[in-house]
Amino acid sequence: MLGFITRPPHQLLSLLLCPGLRILRLSVHCAQPRPRAMASSSSSWELPLVAVCQVTSTPDKQQNFKTCAELVREAARLGACLAFLPEAFDFIARDPAETLRLSEPLGGNLLGEYTQLARECGLWLSLGGFHERGQDWEQTQKIYNCHVLLNSKGSVVATYRKTHLCDVEIPGQGPMRESNSTMPGPSLESPVDTPAGKIGLAVCYDMRFPELSLALAQAGAEILTYPSAFGSVTGPAHWEVLLRARAIETQCYVVAAAQCGRHHEKRASYGHSMVVDPWGTVVARCSEGPGLCLARINLSYLRQLRQHLPVFQHRRPDLYGNLSHPVS
């Protein structure tokens, strides 16, 4: 389904697309407007276009790849320079044992297919949470939740291994013990230059830790990305609130590709993939079900906002210390 979120002329164009349908509709979206003084004079069609993909992964890795590849090809056809896939784009297993059995190293067949896909489509890919058998697999028998960034030639330009593991018990949502099968990453990854801007890599539960986003912003990030698989209880309560908070406090764009729907009899995800601008406005979001949304990234607007509201210059580490340190 195609739809438009109405925005001011200086704002990005947002498209909501679900494969198979081509019915045009107008989507009403209530969000606070930007200050007029910070309106950009850039033509929206000159700005880089990014695609945010929403999928329902299952334990079937090849079917998952087929679904993701269709969305990536559609993103390329629509002119995107970078496509974001959610956490666990490769698969969502029924239990830790199946997770470990289905996992692969970065040099395995599945990532090779995505490498070829990036080359074929000529766009960058943010692979938001790959179940990676690391170099310590033989010793630990555990994996990493690895955010992989591929360039348009299919080369791996950055990897970030999720540092905050989701070990929680939410009433009504069931317990989550990510550490049963996953090791925490040892470090943050420096922001990476891409055709859309300088991207800081994170994964899902990381969004609950503002220190991480502040560290990435201080290191130069202009876009923060939180590929996710939020649950049905935390999603309605926290998803949009946290993403908008991270955008406002860092004055970055936030891109959040999400899992949606029922993956199998044991798990379902909230969906609502979105893009938030540095003012905290949701400028693109996916409708229900698998699909994608598109957004244009306006870095001139980001720089104007940071100039008019220079919060990083006003920080007082003498009073409360350094809550975060720039990524080395």
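A nonpolar core, as I use the term, is a set of buried Ala, Val, Leu, Ile, Met, Phe, Trp, Tyr and Cys residues joined through side-chain atoms within 4.5 Å. Buried means under 20% relative accessible area, with a 1.4 Å probe and protein chains only.

The model is predicted: local features need pLDDT of at least 70, side-chain atom pairs count only at pLDDT 80 or more, and totals for chains, interfaces and linings use all residues. Residues are numbered from 1 along each chain as its sequence is written, and side-chain values use heavy atoms, with hydrogens and water left out.

Now the cores. The largest one has 52 residues, and Trp 239, Leu 243 and Val 275 have the most contacts inside it.

Next, Val 275. Leaving out residues up to four places away in sequence, Val 275 touches, among others, Val 52, Tyr 253, Thr 281 and Ala 295; contact means heavy atoms within 4.5 Å.

Arg 246 sits in helix α6, residues 234-250; helices are DSSP runs of H or I, at least four residues, numbered from the N terminus. Is Arg 246 buried or exposed? Arg 246 is buried, because its relative accessible area is 7%. Beyond four places in sequence, its contacts include Met 207, Pro 210, Tyr 226 and Val 254.

Asn 64 belongs to helix α1, residues 61-77, and is buried at 4% relative accessibility. Asn 64 and Ala 88 lie 24 residues apart in sequence, with 9.8 Å from C-alpha to C-alpha.

Notes
Helices (H or I, at least four residues) and strands (E, at least two) are DSSP runs, numbered from the N terminus. Buried means under 20% relative accessible area, exposed over 50%, partly exposed in between (1.4 Å probe, protein chains only).
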